[in-house]
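Welcome! Take a moment to look over the chain shown here, and then let us walk through some of its parts together.

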Amino acid sequence: MPGKKILPILTLSEMTDGQEADAFVMLAAKEELVTKTGKPYYRVTFRDAGKSLTFPIWNDSLCAEDCRGWSVGQFFKVRSVYRESTYGPQLEIHKVREACDADRADGFDEWMCRPRSQFEPEEMFAALLAIASDQIADGPLSELVTAILTEHRERLLTMPAAVRNHHAFAGGYLEHVLSVTRNALMLADKYRTDYPDLQPALSRDLVAAGAILHDIGKLQELEQTPAGARYSPAGELIGHILLGRDMVREAAVGRGLDQELQLRLEHMIVSHQRLPEWGSPKPPMTPEALIVHFADDLDASFQMMYAALAEDGTANPMTPTNKALRSKVFKGLGSAAEQ
């Protein structure tokens with residue numbers, strides 16, 4: 001009898017056109033559709049941490065019967081040939097089964113199928129908590145920020161920062177907020193030095209607190225699913241800006257926070273996106289709010305530009321137009337020379 005066929009276990013990103021391999025994937029989406037001639041088929045999306053593929057499962061294919069029982073969020077071991085086609089990359093599936101505990105010996109774990117931050121969530125959370133406890137001198141304000149972070153620790157460790165566009169991956173929330181906070185504090189130190197006569201003096205405490213809490217309403221705005229984040233009913237109807245203001249207001253009750261300090265903090269949350277069309281009912285009207293807005297906007301935009309450059313594998317000198325950035329990104333003249 002012929003021996004058992006042994007194939008490499010690869011990620012989707014590692015597979016090349018025409019290559020047969022095994023891969024661990026998550027079913028991120030499944031739709032039951034009908035062709036123009038009335039034939040039923042499924043359109044599925046398989047993904048791992050680095051790539052997602054959407055392609056049809058035709059009614060006469062080997063796995064069509066199995067596909068009927070697949071559920072979004074399930075993990076599978078797939079043996080397939082990777083194909084580049086005019087419709088995009090697809091998998092020609094030869095075998096498929098649900099992943100099991102025995103597959104862990106071959107490197108399977110659920111996180112390998114979900115995009116995640118390149119930074120360790122526990123370390124990012126600890127860094128953020130240290131800023132809240134050690135760099136906010138006002139006692140009640142420090143306690144407020146620390147309490148909110150501590151209460152929501154478990155969700156914060158895995159939260160994405162958005163449904164799409166920027167930091168839309170596990171741990172993305174902490175990556176974004178920690179970066180915004182560090183940049184905002186750097187700017188606060190600069191402008192406190194440049195404008196020592198500013199009245200009232202620029203509050204480093206407020207900058208730290210506002211930066212840490214500017215997106216806290218996303219804990220209620222977003223729900224996590226196996227396929228990624230989606231908007232909750234509260235997120236659709238109210239949005240993270242007002243939800244965040246309400247969370248801070250509720251957490252501040254009984255903490256002895258200075259009334260004006262709380263007002264300024266709430267303003268930073270409701271103004272951090274600056275424009276009504278971006279969701280803010282008010283523009284930044286304090287120096288601290290201005291700093292947090294631009295630190296937030298810079299970090300989100302920079303991560304989107306980074307992703308645009310990382311995801312474009314062509315030899316063109318420019319990336320395709322990025323919808324969120326509303327522009328192309330220049331990769332360099334060296335890219336054109338390679339064509």
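Predicted model: local features only at pLDDT ≥ 70, side-chain atom pairs only at ≥ 80, totals over all residues.

On the side of helix α9, the residues involved are Ile241, Leu242, Gly244, Arg245, Val248, Arg249 and Ala252, and they meet Gln262, Leu265, Glu266, Ile269 and Val270 of helix α10.

How are the two helices arranged? Helix α9 covers residues 240-252 and helix α10 covers residues 259-271; they pack with their axes 8 Å apart, at an angle of about 160°. Angles over 145 degrees count as roughly antiparallel, so that is how α9 lies relative to α10. The crossing in which α9 passes α10 is right-handed.

Another pair to find is helix α5 (residues 172-194) with helix α11 (residues 287-311). Their axes are 9 Å apart, and the angle between these helices is about 135°. The two are therefore oblique to each other. Here, too, the crossing is right-handed, as α5 passes α11.

Which residues bring α5 and α11 into contact? From α5 come His176, Ser179, Val180, Asn183, Ala184, Leu187, Ala188 and Tyr191. They meet Ile291, Ala295, Asp296, Asp299 and Ala300 in α11. The residues of this contact divide into eight nonpolar, three polar and two charged.

## Strands side by side

Now turn to strand β1, which spans residues 20-34. Strand β1 pairs with strand β4 (residues 75-85) in the antiparallel sense, over seven bridges. To place this pairing by eye, look for Val25, which stands opposite Phe76 in β4.

Strand β1 also runs antiparallel to strand β2 (residues 40-47), and eight bridges join the two. Five residues lie between the strands of the β1 and β2 hairpin, where Gly38 takes a positive phi near 90°.

## Stepping back to the domains

How is the chain divided? Domain 1 takes in 12-113, and domain 2 takes in 121-306. Between the C-alpha centres of domain 1 and domain 2 there are 38 Å.

Definitions and conventions: Residues numbered from 1 in each chain as written. Heavy atoms only, no water. Pairing = 2+ DSSP bridges. Helix = DSSP H or I, 4+ residues; strand = E, 2+ residues; numbered from the N terminus. Axes fitted to C-alpha atoms, helices over the stretch in contact; angles between N-to-C directions. Parallel < 35°, antiparallel > 145°, perpendicular 65-115°, else oblique. Left-handed = near helix turned anticlockwise from the far one by under 90°. Contact = heavy atoms within 4.5 Å. Nonpolar A, V, L, I, M, F, W, Y, C, P; charged D, E, K, R; others polar. Domains from an automatic or database assignment.
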